[in-house]
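This report describes a single protein chain for a reader working from its coordinates. It takes up a pocket and its lining, then the nonpolar cores, one backbone feature and the chain as a whole.

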Amino acid sequence: MPALWLYLIKMAMARKSPIESDVEEQLRIYQEIFEFSNDAIGIIDPQGRYITQNAAHRKMLGYSDAEIRNQTPAMHLGAEMFSQIAAKLARAGKFRGTVSSRIKSGKQVYFDLSAFSIRNNNGEVIAHVGIKRDITDRTRAEQANARLGAIVESSDDAIISKSLDGIVASWNAAAERIFGYSADEAVGQPITLLIPPDRVAEEQEIITRLRKGERIEHLETIRQRKDGQYIHVSLTISPIKDGAGNIIGVSKIARDITPRKQADEALQKAHDELEQRVKERTVELEQQSRELSRSNAELERFAYVASHDLKEPLRMVISYTQLLARRYKGKLDADADEFIKFAVDGATRMEDLIRDLLIFSRVGATRGDILPVDMNLVLSRALANLRASIEESGAVISHDALPTVIGDETELIQLLQNLIGNAIKFRGEARPEIHLSAARCSSPLSSSPRQEGVGGGEYWLFAVRDSGIGIPPQYSDRIFLLFQRLHNRAEYPGTGIGLAICKKIVENDGGRIWVESQLGHGSTFYFTLPGAGAP
């Protein structure tokens, strides 16, 4: 029997009560009531240490009688709370309130506490009794409801609950702001006060789906404010169920998406206007393109005719100036010899210029059938045409295995001949070294080889790499224009048309050509051509 009960029996026997023969029986009854009470009861001595506890108390805190003996409630309640309870007991002899305690498992529990002091005949406190009723579940539910209520009230979305017959049961602050009705005006009213007349059937469809247990997410529709204004909303609607799983109501979250809809409409309008402008501009560009094509065709015809017609009189000028130079050299004064030399040089340059202009104007206009062409054969013929320059310069020309492409063989010979010829010409003092290679690429506009296993590969990326004087990067685009030269004719002769011819040949086949170079470190000319399987 716990020490407190022995202590109380001794106190009762000492008083020699008329019912002292029944005291022990009464104490036994009190002991059973104490032990089997559903409320947790703990008794502490005047120094605040536990004396005993009942089964409910053991279950609540998790400590055995041996573990809890000589512990103090401050260990579970916290020193501050225990001090408040002790002070109240000292003043009034009792305490009632809701407190929380950390139990043996570390879990936080909440309980209603009724505490009182037991005194002897001399008024001295001989024990304190604490009766605890566990309200953890209720407290946490209240806290959860409070948090949920705070979330609902602070939400930017309207959160509404209603019965299955469509009567509004709850209405948050956002619903008031969005729809214009206060909670007093809305609660108890049918939800149809928000639904435009032409959408009333929509509500019945929603209820039918909810009765089946469905959840409706992001339903975009139209609702009506108190002031009659229509707004766009996105609805998420869920059934509310009781503990047995029966559907007893509906919760609805409504988000005002009117600004987004207005923005979408404005964007669509702008898109339609832009599309119309693009169509109109496309028609204009197509017209301009046709006019430009005609102009280019006329210009090419003019260049061809002009240069062709100039060849005959120019040939006569060259012949007679050369004859004049041979026949009268040294017979006239020194100035006359120099003037005749200038005339011969000028006529010769004009002949070269007309020849290259003819070649340029003929690219694409006089091409033969577009057939598969072996670039190895094209290279051998280009090198044959350059044999004198190669032997004179001592150029070393190497190449990888070259593919078959689609194009005009004559134009492709001209392409390689111009690129290799430039590499020999702009060699500086060192013996020129030139290497040709080719790799598959994904498109005619690609600037890098195709990765192994990656799609595409119906086009070829060619590279002509040399060890010459190089080109400043700022001139990498300019050199492909007609008559563009970076050096004077005394240093490097030429007309400035060769790379423009290369560019026209490549682009006529749908490819592109460019150069990568640094001054003094050689150049690499890249160009793309369609392979045998290209569209």
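## Pocket lining

Sorted by class, the residues lining the second largest pocket comprise 15 nonpolar, eight polar and two charged residues. The model is a predicted one. In total, 25 residues line the second largest pocket, and its volume is about 320 Å³. Those lying nearest the centre of the pocket are Ile44, Phe82, Ile85, Leu89 and His128.

Two or more lining residues are given by each of the helices α5 (74–77) and α6 (79–92). The strands β1 (40–44), β4 (108–119) and β5 (125–134) likewise give two or more residues to the lining of the second largest pocket.

## Nonpolar cores

In soluble globular proteins, nonpolar side chains tend to be buried together. In this model, the largest nonpolar core contains 39 residues. Within that core, Met375, Leu416, Leu419 and Phe527 have the most contacts. At least two residues of the core come from each of the helices α13 (375–385), α15 (409–425) and α16 (498–508), and from each of the strands β14 (433–441), β15 (459–466), β16 (513–517) and β17 (523–530). Helix α15 provides the largest share, with eight residues.

Which residues does Leu419 contact, when neighbours within four places in sequence are left aside? The partners of Leu419 are Val464, Leu499, Cys502, Ile513, Phe525 and Phe527.

## A positive phi at His218

His218 is a residue of strand β8, which spans residues 216–224. Although His218 is not a glycine, its phi is positive, at about 55 degrees.

Is the residue buried or exposed? His218 has a relative accessible area of 57%, and it therefore counts as exposed, the cut-off being over 50%.

## The chain as a whole

The chain has 535 residues, 36% of them buried. Its secondary structure consists of 16 helices and 17 strands. Of the contacts between residues at least 6 apart in sequence, 53% join residues at least 24 apart.

The accessible surface of the chain amounts to about 31,300 Å². Carbon and sulfur atoms account for 53% of that surface.

Technical notes:
Residues are numbered from 1 along each chain as its sequence is written. This is a predicted model: local features need pLDDT of at least 70, side-chain atom pairs count only at pLDDT 80 or more; totals for chains, interfaces and linings use all residues. Side-chain values use heavy atoms; hydrogens and water are left out. On a 1 Å grid over the protein atoms alone, a cavity is a set of points where a 1.4 Å probe fits but cannot get out, and a pocket is an open set with protein on both sides within 12 Å along at least five of seven lines; lining residues have an atom within 4 Å of a point. Grid points are joined across faces, edges and corners, and a volume is the space filled by probe spheres set on the points. Helices (H or I, at least four residues) and strands (E, at least two) are DSSP runs, numbered from the N terminus. Ala, Val, Leu, Ile, Met, Phe, Trp, Tyr, Cys and Pro count as nonpolar, Asp, Glu, Lys and Arg as charged, and the others, Gly among them, as polar. Buried means under 20% relative accessible area, exposed over 50%, partly exposed in between (1.4 Å probe, protein chains only). A nonpolar core is a set of buried Ala, Val, Leu, Ile, Met, Phe, Trp, Tyr and Cys residues joined through side-chain atoms within 4.5 Å. Contact means heavy atoms within 4.5 Å. Accessible areas come from the Shrake-Rupley method with a 1.4 Å probe; for residues, only the protein chains shown count as cover.
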